[in-house]
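Keep the viewer open as you read.

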Amino acid sequence: MSETTTYQPPKIPKTRVVTAADIRGALRDGWSDFTHAPLYGLFFGAIYTVGGLLILAFLAVFDMPWMIIPIAVGFPLIGPFVAVGLYEVSRRRAAGEPITWKAVLLVIFQQRNRQLGWMAFIVLFIFWVWIYQVRLLLAIFLGFQSFASIGGFIEVITTTVDGLTFLAVGTIIGAFLAFVLYATTVITMPLLLERDIDLVSAMIVGFRAISQSPAVMIGWAVIITVLTILALVPAFLGLLVVLPVLGHATWHLYARIVEPNT
């Protein structure tokens with residue numbers, strides 16, 4: 001008699017309710033991780049910083065310097081994927097495992113064969129949608145006019161009716177896209193890194209975590225947004241510190257939310 005196997009649905013981890021104290025603790029632990037292994041944080045922060053500077057140079061070459069504003073706003077959308085290496089550093093330190101370049105980079109390289117690769121596709125797709133909708137709204141509200149400088153672009157969108165309308169609609173759409181991506185990644189990406197779980201189940205955990213602690217999780221999103229925008233101001237250089245601290249802190253917040261394997 002042949003044996004039959006029954007389908008076992010994936011075990012979805014349970015989540016805890018978190019408070020503002022958990023955010024403070026996560027930020028404190030994130031700073032501790034950064035100062036304990038600063039070279040790793042600076043390395044991954046530099047990848048993000050150099051990427052921003054290359055985009056700025058690219059826009060200057062093609063005489064589109066004004067596009068740096070919408071790109072700079074949307075650029076943090078890909079931050080969670082860049083932070084995978086930071087998650088691994090925090091995971092290893094919390095578990096008492098040795099932190100080495102070989103171990104950290106190997107984990108990142110191995111993600112190409114796991115669910116995290118699909119998560120990266122979702123992140124980059126939403127970033128592409130953000131850039132496309134900016135161009136579409138520009139065409140609708142401001143025509144196909146070109147701007148010679150960032151200053152000229154800012155003047156138009158802040159002093160004209162069409163510009164203010166573009167700014168208002170773009171902000172609403174951008175906030176919606178940012179929230180969708182935040183809800184999709186804030187718990188999902190650390191979970192995919194740590195455990196053998198499918199993408200859909202991991203996303204369910206992420207949305208459940210936000211629904212259980214909406215005010216705290218939205219507050220965390222606001223903190224990430226404000227600190228990242230401030231870090232972008234000095235030619236992306238602030239990301240050298242802000243990105244790794246936030247990446248480490250996100251891991252520790254995840255560890256407070258998702259119950260450990262039993």
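Contact here means heavy atoms within 4.5 Å. With that in hand, look at the contacts in the protein chain with a separation of 6 or more: residues 24 or more positions apart account for 80% of them. This is a predicted model, where local features need pLDDT of at least 70, side-chain atom pairs count only at pLDDT 80 or more, and totals for chains, interfaces and linings use all residues. Residues are numbered from 1 along each chain as its sequence is written, and side-chain values use heavy atoms, with hydrogens and water left out.

**The chain as a whole**

The protein chain has 13 helices and 0 strands; both are DSSP runs numbered from the N terminus (helices H or I, at least four residues; strands E, at least two). Of its 262 residues, 44% are buried, meaning under 20% relative accessible area with a 1.4 Å probe, counting protein chains only. The chain exposes about 13,700 Å², and carbon and sulfur atoms supply 71% of that (Shrake-Rupley method, 1.4 Å probe).

**Two cores**

A nonpolar core is a set of buried Ala, Val, Leu, Ile, Met, Phe, Trp, Tyr and Cys residues joined through side-chain atoms within 4.5 Å. The largest one has 53 residues, and F166, I187, M217, W220 and I257 have the most contacts inside it. Helix 7 (residues 116-142) gives the most to this core, with 10 residues. A second, separate core has 7 residues, including Y48, A231, F236 and L243.

| Residue | Contacts (within 4.5 Å) |
|---|---|
| M217 | V18, Y182, V186, A209, I210, L253 and I257 |
| L243 | F44, G45, Y48, V82 and L86 |

L243 sits in helix 13 (residues 239-257), and it counts as buried because its relative accessibility is 11%. From L243 to L86 is 157 residues in sequence but 9.3 Å in space, C-alpha to C-alpha.

**Helix 11 up close**

Helix 11 covers residues 199-212, 14 residues in total, and reaches 20 Å from first C-alpha to last, close to the expected 20 Å; the expected span is 1.5 Å times one less than the number of residues. Its N-terminal end is capped by D198, with a side-chain oxygen 3.2 Å from the backbone nitrogen of V200. Which residues of helix 11 are buried? They are L199, S201, A202, V205, G206, A209 and I210. An α-helix has 3.6 residues a turn, so residues three or four places apart point the same way. A209 and I210 also turn up among the contacts of M217.

Conventions:
Buried means under 20% relative accessible area, exposed over 50%, partly exposed in between (1.4 Å probe, protein chains only). A polar contact is a pair of N or O atoms within 3.5 Å; within protein, one must be able to donate a hydrogen and the other to accept it, and residues adjacent in sequence count only if both atoms are side-chain atoms.
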